[in-house]
Amino acid sequence: MEELSGQNLNACNQCLKCTAGCSFVDNMDLLPNQVIRCIQLGQEDEVMKSKTPWLCASCFTCVTRCPKGVDLSRIMEAIRTLLLRQGKEHINLSGSEFKLPADAPQQLFVSGSRKLSG
Amino acid sequence: MAENNSDKNIVYYPGCTLHTWAKSLSDTFIESFKKLDINLHELSDWSCCQAVFPLARDNIMGLVPAARILIQAREHGDILTTLCSFCFNVLRRTNNAIQTDGEIRAKLNAYLEEDYTGDVHVLHPLEILKVMVGFDKLKSKVTKPCGNIKIGPYYGCQLIRPPKEMKFDDPEDPKLLDMFLESIGCEVVNFPFKVECCGSYQIVQGEDMVADRAYAILSNARKNGAEAIALSCPLCFYNLDTRQNLITQKYTDFSPMPVFYFTELMGMALGIDEGLCGFDKHKVDPGILLESLQKSSDTQEHVTVKNDQNKLGVN
Amino acid sequence: MKKSRVGVFVCHCGHNIARAIDIKSVMEKIRKYPGVAHVEDYIYLCADPGQKIVADKIKDKNLDAIVIANCSPNLHEKTFRDLVESVNMNRFKCEIANIREQCSWPHDQEREKATLKSVKIIESVIEKVKQNQELEPIRVPLTKKALVIGGGIAGIQAALDIANGGFKVILLERRATIGGKMAQLSETFPTLDCPQCIMTPKMVAVAKHENITLMTYSALESLEGYVGNFTVKIREKAKYVDWDKCVGCGDCTEKCPAKVDSEFDAKLSKRKAIYRDFPQAVPNKFVIDAEHCIKLTKGKCGVCEKICPAKAIKYDDKDEIIEEKIGAVIVATGFDLFGLEKVGEYGYGKYKDVIDGLQFERILAASGPTGGKVERPSDGKTPKDVVFIQCVGSRDPEFGMPYCSSICCMYTAKQAMLFKHAVPEGQPYIFCMDIRSTGKGYEEFVQRAVEEDGVVYLRGRVSKIYQDDDKIMVWGADMASGKKVEIPADLVVLSTAIVPAEGIKDLASKLRITTDEYGFLKEAHLKLQPVETLTSGIFIAGTAQSPKDITDTVAQASAAASKIMALFSSKEYIRSPTIARVDEDVCKGCGICVNACTYSAIELDTIKKISKVNEALCEGCGACAAVCPSGAMQQKNYTKKQLLDMISVATEDYDKG
């Protein structure tokens, strides 16, 4: 995960600034800082089954404010990438179960499918 | 630099959404730049930029489409511009990665037909207006100033972050869109949520999440005095305007707020054909605001928009 | 030439050297080196038994020179030179081969290469010591007068200690009054003493002390010379008030029409263009701020001149340069707060009710703009929910300050406690990374704030602050509950990172001392010489060296003072004789060395047409020897031949590839 994200996870000193500024924490089962914490503790399983990486919208607020220069958005992407490469899509946007809003811009479909379906 | 820009080609990359869904964003931009005597060369036969910058270190393939666009642009000029914040983020970050990261540059060039070292400048139209045109000159070209319409400039995420790579503006209190709006005669309302995320593509996972974000942003803008929002990204427009009905359904205290692309306001101010603005495509009808604007601004009538829900057809 | 009998002693330095270097093989090689009469190793050569081995072997083996292979000469050159002197060997026949800082530490993972390199280092030093001359130290007279730069608590304490020791002191301060940051504080942790009670008496003592010359509104212009014999130039800034006449009545300030943000009240109040920082100022005199005075900028006004009963106003006052001879310097220039505007997400400077720790000190202080009543800056309301945020800028490498500012945990606890005492219905919240309360009585103090005053600590950083109607919204997180937290506060206090005082780099270069990567003054050795600098005769104290609280600042100031008193207690100062020497038969008097010398220690004798070295001024830097085209200029015990021989010995094996 460190290799894929290019981030030194030991640099995170769990100050929680990422969590404090994240727009989506209300929907998350693991807080952003807890995602890093789990990896620090070797509990990658927890992270791989968490909803949190899928809820991260790559808004880069945490990256902008992290005092230690840790790019959490890249860590979230590393987790998604590992899952997607195992064939575990979060939402199959082109599948029959999913109905894209008819009034949506192409941009929504492209970005959403790249992040959530690989 | 403000002079002689008529012989300098600026290459325009429209991307997937601009000719169809966000047609007015593109049309008003092209027409406005004509009025400002800036030559745009629109790329033909372009491919998708992939919309999101690949964040996994080994995803070199993910950078190839953007790099190809940059190479294609190089044939026509040394400045590439694009309107959609997602495209802008992808193109600028890709260019930056090629310029600053030797490992990425080497790996990427192995996939490319031509070598590319990052020599194209990726500029946002707002940057072009500031640096190449100058806001003073823009102001002098305004024929129909926007009156005293109180606009909240909304930046969102992809335009400004991550700041180390985007180098667009102050990431916590950006001012470029503010300065632009001032120069076309708007009354700018600074609001703290101008850099908060609108929810992006997450509407596919749950409408509530996006409704909450949009509600927070628009309410915060209104609380600080804004009557409308100006922005630059089609997806932000979708979440804040097209799906504003989600907010009205969930939050009974919310009354609609018109949303504009910044280029629509620029077009109006420069006196282009109003039909290009595509206001009929806006879900929150900006009509009343615009009418009161164009009458005289001596009455504060348009402030009552928020109490006048019947006329603002939110569907 | 007599055959040398060099003794080589190799130190293990515990594991520090022995871990990276194969000491046995080093000794085997050195034993075979020409002129080596004895080789021995020991685990800690600098310890008593180690020193005894060296002393005994010099006598037993009839050694005429020794090489100690250990750590940097900064640490133990003096130790071993004193030792050899005690057994009647000339101190310059002892040399250090640094195989720790220059070998074992940087080459920790390359045992074979490190071993070879240490052999080469030792052999080259053997080559040097064999050619060393026996020299006698140079004795120079001492000016037993100290200069203390900075009139905060560090400078005040140091000046009083030196003066009480019977030596003369000049105390230099750039503001018009002494007192520094401590004078601005409300009360001090953990005893809750107010500075007015514990500091003002010291300020008065400074003013009254017969051994102290107080020079405020003054700054160092230049420093020349060397330890014991410095010449300084001090710029006494134009005050536009004749201090011999000014009685400090304050009539002038009352009527002055020009208003300026008060530095003393951290911009929370206005002062006038003619002002003193606070009524207890020492000296209790006024100055005119030329930048804002209407008379001095526009030629109009002149109210103060008309009103002053003592006729002290002097609009034509000029800066004066004063020259003084001194023997030693203490630099105690203190700290500033980091520019909070850079932390965009906290909105400092944008929202009036987001303030820094020093501003809250002024709000709490009885001497402050509100007379100690807790009122927030925007509307004067008494705040109820106050959020304190620690580590703003500190421990934040992204802002270039990875260090801990050391005092914030404690002053924040104190401020929260004092707020609660002043506003019993209020609620203080503190966002922290952790609580660092390691001083005497500190942890008990924090616990008192929590248990008795109900201060709520939340472990987490704050991500965003913004104005929402008349509340300041704070977005933070709380690790214990695992939740994002949103607090609508009435006032937010940022515990801001400490940075060195403005102008420190400029001052450091005037004094020929160094600063660290953050601009704090660099000590000679962090652990063992914390108040010395690498320039002898210049000492440091207080927050100019690193962030620290008043307790540590005072202790360090007294330490620096005692170093100076030890220096001044000798009759004369003993200088190293390894200085430049001219071979008068070779010198052609070209004068290149004169220009190369930064200490003005070389003069050209125009009659003899040769260069002459002033032994009192020469620092032994070697610049003249390096530029001399004829080789006439040589540095004693660092002659050209010695250096070239050292280089060829050090590189010969590498040359062979």
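**Notes on chains C and B**

1. Let us begin with a helix pair. The axes of helix α1 (residues 23-31) of chain C and helix α5 (residues 111-131) of chain C come within 10 Å and cross at roughly 35°. The crossing of α1(C) past α5(C) is right-handed. On the α1(C) side the contact uses C:S25, C:V26, C:K29 and C:I30, and these meet C:T115, C:S118, C:V119, C:I122, C:E123 and C:I126 in α5(C). By type, the residues of this contact divide into five nonpolar, three polar and two charged. Please keep in mind throughout that this is a predicted model.

2. Staying with helix α5 of chain C, have a look at C:S124, which lies in it. Is C:S124 buried or exposed? Its relative accessibility is 8%, and C:S124 therefore counts as buried, the cut-off being under 20%. Apart from neighbours within four places in sequence, C:S124 is in contact with C:M646, C:V649 and C:A650.

3. Helix α12 (residues 357-364) of chain C packs with helix α13 (residues 408-422) of chain C at an angle of about 35°, and their axes are 11 Å apart. Here the crossing is left-handed. From α12(C), the residues C:G357, C:F360, C:E361 and C:L364 make the contact, and from α13(C) the residues C:Y411, C:K414, C:Q415, C:L418 and C:F419. The contact of α12(C) with α13(C) divides into five nonpolar, two polar and two charged residues.

4. Now to the sheets. Chain C has an open sheet of five strands in the order β18-β25-β19-β20-β21, with parallel pairing. Which strands stand at the edges? They are β18 (354-356) and β21 (456-459) of chain C; each has a single partner strand, so one side of each is left without a neighbour in the sheet. On average, neighbouring strands of this sheet are turned by 25° against each other, direction ignored. One of the pairings is that of strand β20 (residues 427-432) of chain C with β21(C), parallel and over four bridges. In that pairing C:F431 stands opposite C:L458 in β21(C).

5. Strand β1 (residues 6-11) of chain C deserves a point of its own. This strand is mostly covered, as six of its six residues are buried. C:V6, C:V8 and C:V10 point one way from β1(C), while C:G7, C:F9 and C:C11 point the other way, and all are buried. β1(C) pairs in the parallel sense with strand β3 (residues 65-70) of chain C over five bridges, and also in the parallel sense with β2(C) over six bridges. C:V10 takes part on both sides: its bridge partner in β3(C) is C:A69, and C:V10 stands opposite C:D41 in β2(C).

6. With a relative accessibility of 25%, C:Y42 counts as partly exposed. Leaving aside neighbours within four places in sequence, its contacts are C:V10, C:C11, C:H12, C:P49, C:G50 and C:I53. Across the chain, C:Y42 and C:Q529 are 487 residues apart in sequence and 25 Å apart in space, C-alpha to C-alpha.

7. For an antiparallel case, turn to strand β30 (residues 602-605) and strand β31 (residues 610-613) of chain C, which pair over four bridges. C:L604 has C:S611 as its bridge partner in β31(C). The two strands form a hairpin with four residues between them, and C:K609 in the turn has a positive phi of about 60°.

8. One helix in chain B is worth a visit too. How many residues of helix α12 (residues 262-270) of chain B are buried? Nine of the nine are, so this helix is largely enclosed by the rest of the structure. Among the buried residues are B:F262, B:E264 and B:M268. Following α12(B) comes B:G271, with a positive phi near 80°.

9. Finally, some overall values for chain C. Its secondary structure comes to 19 helices and 32 strands, and its C-alpha atoms fill a box of roughly 90 × 70 × 40 Å along the principal axes. Of its 657 residues, 54% count as buried. Among contacts in chain C with a separation of 6 or more, 70% come from residues 24 or more positions apart. Chain C exposes about 29,200 Å², of which carbon and sulfur atoms supply 51%.

Notes:
Residues are numbered from 1 along each chain as its sequence is written. Chains are lettered from A and ligands numbered from 1 in the order in which they are written. This is a predicted model: local features need pLDDT of at least 70, side-chain atom pairs count only at pLDDT 80 or more; totals for chains, interfaces and linings use all residues. Side-chain values use heavy atoms; hydrogens and water are left out. Axes are lines fitted to C-alpha atoms, for helices over the stretch in contact, and angles run from 0 to 180 degrees between N-to-C directions. A crossing is left-handed if the near helix is turned anticlockwise from the far one by less than a right angle, and right-handed if clockwise. Contact means heavy atoms within 4.5 Å. Ala, Val, Leu, Ile, Met, Phe, Trp, Tyr, Cys and Pro count as nonpolar, Asp, Glu, Lys and Arg as charged, and the others, Gly among them, as polar. Buried means under 20% relative accessible area, exposed over 50%, partly exposed in between (1.4 Å probe, protein chains only). Two strands pair if DSSP finds at least two bridges between them. Accessible areas come from the Shrake-Rupley method with a 1.4 Å probe; for residues, only the protein chains shown count as cover.
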